[in-house]
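Okay, everyone, thanks for coming. Let me put this one up on the screen.

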2 protein chains.
Amino acid sequence: MVRAEYTVTGMTCAHCIAAVRDEVLGLDGVTDVDLDLTAGSLIVVSAAPIPADAVLAAVDEAGYTAVAH
Amino acid sequence: MVRAEYTVTGMTCAHCIAAVRDEVLGLDGVTDVDLDLTAGSLIVVSAAPIPADAVLAAVDEAGYTAVAH
């Protein structure tokens with residue numbers, strides 16, 4: 001299992017969290033997503049590594065910006 | 001046409017605006033809703049007056065708090 005950590009900026013409420021969660025969970029191979037609004041942290045769980053570009057694009061699609069750790 | 005003004009607290013992003021809009025537009029007789037995130041203002045447009053209690057309940061249902069002006 002792979003856990004990749006990102007920081008997401010711009011999320012202000014539970015709806016933002018839900019929007020990011022939906023997009024990232026929609027990526028092929030992602031099995032779980034852990035988001036923390038206060039910390040702006042996003043942990044992406046998958047069996048095999050997910051390309052960071054795909055995660056960043058999914059967050060962008062939700063309307064926010066992420067950086068990989 | 002009646003325009004009733006309210007102040008809504010707790011809205012932090014466009015998703016919040018959409019949630020309040022959906023609930024208030026769902027009230028019988030409401031024809032338009034004008035929301036401003038920065039000002040926290042909510043204007044409810046209708047042909048006949050809408051009871052303030054109904055508007056406050058709709059905002060509460062969306063997860064926010066409103067007061068009538």
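I'll go through how the chains are related, then the interface, then one annotated span.

So, this is a predicted model, where local features need pLDDT of at least 70, side-chain atom pairs count only at pLDDT 80 or more, and totals for chains, interfaces and linings use all residues. Residues are numbered from 1 along each chain as its sequence is written, chains are lettered from A in the order in which they are written, and side-chain values use heavy atoms, with hydrogens and water left out.

Now the interface. Chain B puts in six residues and chain A six residues, with contact meaning heavy atoms within 4.5 Å. And 100% of chain B's interface residues are also interface residues in chain A, so the copies meet through the same surface.

How much area is buried between chain B and chain A? About 410 Å², with carbon and sulfur atoms giving 63%; that's accessible area (1.4 Å probe) that the two parts lose on being put together, summed over both. In chain B, Thr12(B), Cys13(B) and His15(B) lose the most to chain A, together 79% of what that side buries.

Salt bridges across it, a Lys or Arg side-chain nitrogen within 4 Å of an Asp or Glu carboxyl oxygen: zero.
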